[in-house]
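Work through the exercises below with the model open. Each task is followed by its solution in steps.

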Amino acid sequence: MSHPEPVARRMYDLVEPLGLVPYFADESDEALMALGLRNPWDAYFAGRAAPFGPTMPAEVVHAVFYNFAPGEVARHLPRVWDLTTPEAALAARERGCVAGMRRILGERADDPAIARAGDLLLKAATSAPVEGRALYAALRAVPVPQEPVARLWHAATLLREHRGDGHIVALLAEGIAGTEAHVLHALSAGTPAQDFGRVWHLPAAQLTAVIDGMRARGLVGADGWLTAEGRATKERVEALTDRLAEAPYTVLSPGDLDRLVADLEPISAAFRAVFPM
């Protein structure tokens, strides 16, 4: 007997393309780098860490972001706050993301469905408990934009960070460390770890040590691919992530959820058509 798709998984498929706008729409990096930042990774850390303010140590941001290699965060934080402010970074990120969304959506950007979807998505995005979810909680403290496209993007970003905080809980529960999470994801998708975009730049010895550690625990086989236990671990991580991501959507009635899905489907499809997902 087949089981119905979890609400959180269905919504992830619809919301994730909007949450990826800062990372795949050039306008976001361009707006942030116009503040004087040095490179796209400066833009990434300034934009995503801005809700924590300028005094959060790099070590704490590293812990919250979870899956960056040691030292990567410290190459950008707190240096970016010598070049701009968190308030300016938040405003530039929002401005760039809205510009990117409007470019991709075209005339659909002014469709009433954008405002309807934004309002319902924001209702969900601001309804979940914040306990144990540091990045989601920090973003909840950021003022909510009123312009419909910005409102929709902000809601999607809240939900993406809420899910991400829960995903880290699931990884921790399975004993999967930050770089290991990238290896697990790459291998589960049929990509050799050394070719995966988030870890290919690491020194070969460092990446090999991570893979060897996963092999010693029975997650990776002698052939370099996931074992049955490795695949089962990945499935447990995803299942728990979905369960932990359900809370925001419980505030919506079945009718509201149906309306939200109907409005988001063509919007999400527009982003999926241009983003490398």
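**Exercise 1. A residue in a loop**

Is tyrosine 66 buried or exposed?

Solution. Start with the basis: this is a predicted model, in which local features need pLDDT of at least 70, side-chain atom pairs count only at pLDDT 80 or more, and totals for chains, interfaces and linings use all residues. Residues are numbered from 1 along each chain as its sequence is written, and side-chain values use heavy atoms, with hydrogens and water left out.

Step 1. Take the cut-offs: buried means under 20% relative accessible area, exposed over 50%, partly exposed in between (1.4 Å probe, protein chains only).
Step 2. Tyrosine 66 has a relative accessible area of 15%, so this residue is buried.
Step 3. Helices here are DSSP runs (H or I, at least four residues), as strands are (E, at least two), numbered from the N terminus.
Step 4. Check the backbone. Phi of tyrosine 66 is near 80°, a positive value in a residue other than glycine.
Step 5. Proline 78 also sits in the loop between α5 and α6 (80-83).

**Exercise 2. Aromatic pairs**

Classify the ring pairs of phenylalanine 45 with tyrosine 44 and with phenylalanine 65.

Solution. A pair of aromatic rings is described by the distance of the centres and the angle of the planes.

Step 1. Set the rule: rings of Phe, Tyr and Trp (its six-membered ring) pair if their centres lie within 6.5 Å; planes under 30 degrees apart are stacked, over 60 edge-to-face, and the rest tilted. The whole structure holds 12 aromatic pairs.
Step 2. Tyrosine 44 and phenylalanine 45 are 5.0 Å apart centre to centre, with 80° between the planes; the pair is edge-to-face. Both residues are buried.
Step 3. For phenylalanine 45 and phenylalanine 65, the centres are 6.1 Å apart and the planes stand at 15°, so this pair is stacked.
Step 4. Phenylalanine 45 belongs to helix α4 (residues 40-49) and phenylalanine 65 to helix α5 (residues 58-65), so their pair ties together parts 20 residues apart in sequence.
Step 5. Phenylalanine 45 has 1% relative accessibility and therefore counts as buried. Phenylalanine 65 is buried too, at 4%.
Step 6. Widen the view. Ring pairs link Tyr23, Trp41, Tyr44, Phe45, Phe65 and Phe68 into a cluster.

**Exercise 3. α3 against α7**

What angle do α3 and α7 make, and which residues form the contact?

Solution. Axes are lines fitted to C-alpha atoms, for helices over the stretch in contact; angles run from 0 to 180 degrees between N-to-C directions.

Step 1. Helix α3 (residues 26-33) and helix α7 (residues 86-105) pack at about 150°, their axes 7 Å apart.
Step 2. That makes α3 roughly antiparallel to α7. The cut-offs are under 35 degrees for roughly parallel, over 145 for roughly antiparallel, 65 to 115 for roughly perpendicular, and oblique for the rest.
Step 3. The crossing of α3 and α7 is right-handed. A crossing is left-handed if the near helix is turned anticlockwise from the far one by less than a right angle, right-handed if clockwise.
Step 4. Contact means heavy atoms within 4.5 Å. From α3 come Asp26, Glu27, Ser28, Ala31 and Leu32; α7 gives residues including Ala89, Ala92, Gly96 and Arg103.

**Exercise 4. Two partners of α8**

How are α8 and α14, and α8 and α10, oriented to each other?

Solution. 

Step 1. The axes of helix α8 (residues 112-125) and helix α14 (residues 254-272) come within 9 Å and cross at roughly 125°. α8 and α14 are therefore oblique.
Step 2. α8 and α10 pack at about 30°, with axes 8 Å apart. They are therefore roughly parallel to each other.
Step 3. The crossing of α8 and α14 is left-handed, and that of α8 and α10 is left-handed.
Step 4. Histidine 154 of α10 (residues 148-173) is among the residues that meet α8. Histidine 154 is buried, with a relative accessible area of 4%.
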